[in-house]
Amino acid sequence: MDAYDEVSNGRRGPDEPEGSASTIPAEGGIDDGRPAGERRADERPIDGSATDESALGAPQPPHSPDPTQPTSGIAALSLPYQITAALVLAVVAVVACVHIGMVFLHIAPSNTLTKQHGRVVEGWVFPEFEQNWKLFAPNPLQQNIAVEVRADVRTAAGDVRTTGWYGLSALDGAAIDGNPMPSHTQQNELRRAWDFYASTHDSENRATTSRGGLSERYLRRIVVLRLDREQAGGVADGVIERIQVRSRTTNVRPPDWSEEQVSDKPVVRELPWWSVTDRDRTEASAE
């Protein structure tokens with residue numbers, strides 16, 4: 001008898017036949033004294049095998065949404081409001097498509113549509129949505145242009161006083177300086193308005209295109225709006241009767257390595273006095 005037999009015989013009971021292994025549990029198992037196969041319904045086998053129907057792949061009932069869960073979005077609105085929201089979205093989509101189409105026709109080469117409906121396209125685009133590609137020009141603008149304005153203001157007492165020159169470009173520059181996200185208005189509104197006027201008028205301030213009158217009204221409206229914000233004349237209830245705009249252009253100095261020579265003397269362009277109409281005040285107040 002070797003050591004293995006001694007161990008085996010030591011585990012058998014006195015009445016068990018030799019060679020029986022029923023009382024020897026599987027390696028890692030636990031013998032609870034019950035015959036194999038007699039398990040409780042809620043007991044899982046030690047080896048992790050599945051015994052219930054769900055683990056054996058039995059079909060599960062479909063998950064039904066909770067009727068008490070609140071809905072969100074347009075579906076949460078009543079029917080009249082749903083219809084209103086759908087109509088608003090449709091109008092916004094149509095306007096967006098029309099705007100994209102108008103801008104595309106404006107920048108596209110001359111074609112049949114632009115020849116037949118050029119006035120409609122220009123009326124939609126100018127002056128607020130004009131497209132300008134000077135940034136990509138071979139020789140971009142190398143000048144600093146400062147726009148200044150003064151006004152004749154009538155006070156509540158009936159007196160008329162002329163204000164000093166307001167540096168509108170300087171005010172925009174101060175608002176942009178140090179601002180990580182300056183607005184498009186601060187950066188481009190006044191600059192583009194002046195460029196629009198200068199490109200449609202000659203040195204004698206005479207309109208050279210059919211858009212000359214539009215550019216003048218646009219610039220005048222912006223100036224009136226800005227003067228109202230600054231309370232021109234030092235009185236809140238003053239009425240602006242006339243304005244005068246001028247520009248001060250200074251060339252940007254070339255880099256040290258360049259041999260280009262430019263004048264450093266500023267060039268002043270002073271426009272005549274413009275009378276402010278009720279239409280100018282109304283359009284300015286609507287901004």
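**Group meeting talk: helix packing and a buried tryptophan**

Of the 287 residues in the protein chain, 20% are buried, where buried means under 20% relative accessible area, exposed means over 50%, and partly exposed lies in between, with a 1.4 Å probe and protein chains only. Before I go on, a word on the source: this is a predicted model, in which local features need pLDDT of at least 70 and side-chain atom pairs count only at pLDDT 80 or more, while totals for chains, interfaces and linings use all residues. Residues are numbered from 1 along each chain as its sequence is written, and side-chain values use heavy atoms, with hydrogens and water left out.

Let's start with the whole chain. The secondary structure comes to seven helices and six strands; here helices are DSSP runs of H or I with at least four residues, strands are runs of E with at least two, and both are numbered from the N terminus. Read from the N terminus on, the order is α-α-α-β-β-β-α-α-α-β-β-β-α. The accessible surface of the protein chain is about 20,800 Å², and 55% of that belongs to carbon and sulfur atoms; these areas come from the Shrake-Rupley method with a 1.4 Å probe, and for residues only the protein chains shown count as cover. Among contacts with a separation of 6 or more, 57% link residues 24 or more positions apart, with contact meaning heavy atoms within 4.5 Å.

Now to the helices. Two packed helices are described by the angle between their axes and the distance between the axes. The axes here are lines fitted to C-alpha atoms, for helices over the stretch in contact, and the angles run from 0 to 180 degrees between N-to-C directions.

Take helix α2, residues 79–107, and helix α3, residues 112–125: their axes come within 9 Å and cross at roughly 120°. The crossing of α2 past α3 is left-handed, that is, the near helix is turned anticlockwise from the far one by less than a right angle, whereas clockwise would be right-handed. On the α2 side the contact uses Val98, His99, Met102, Leu105 and His106, and they meet Leu113, Thr114, Val120, Val121, Trp124 and Val125 of α3. By class, that contact has eight nonpolar residues, three polar and no charged. For the classes, Ala, Val, Leu, Ile, Met, Phe, Trp, Tyr, Cys and Pro count as nonpolar, Asp, Glu, Lys and Arg as charged, and the others, Gly among them, as polar.

Next along are helix α4, residues 168–176, and helix α5, residues 184–199, which pack at about 160° with their axes 9 Å apart. Leu168, Ser169, Asp172, Ala175 and Ile176 of α4 meet Gln186, Gln187 and Leu190 of α5. This α4 and α5 contact divides into four nonpolar residues, three polar and one charged.

Helix α5 also packs on helix α6, residues 212–229, at about 150° and with the axes 8 Å apart. So α5 and α6 are roughly antiparallel to each other too, and α5 passes α6 in a left-handed crossing. From α5, the residues that meet α6 include Leu190, Trp194 and Tyr197, and their α6 partners include Leu214, Leu219 and Ile222. The α5 and α6 contact counts nine nonpolar, one polar and three charged residues.

That brings me to one residue I'd like you to click on. Where does tryptophan 194 lie? It lies in helix α5, and at 6% relative accessibility it counts as buried. Setting aside neighbours within four places in sequence, tryptophan 194 is in contact with Ile145, Val147, Leu219, Val245, Ser247, Arg269 and Leu271. Its C-alpha is 9.7 Å from that of alanine 146, 48 residues away in sequence.

Serine 247 sits in strand β4, residues 239–251, and is buried at a relative accessible area of 3%. Beyond four places in sequence, serine 247 is in contact with Ile145, Ala146, Trp194, Val267, Val268 and Arg269. Threonine 249, also in β4, is buried at 15%.

Most residues other than glycine have a negative phi. Asparagine 205 has a positive phi of about 65° although it is not a glycine. Asparagine 205 is in the loop between α5 and α6 and counts as partly exposed, at 22% relative accessibility.

Notes:
Parallel < 35°, antiparallel > 145°, perpendicular 65-115°, else oblique.
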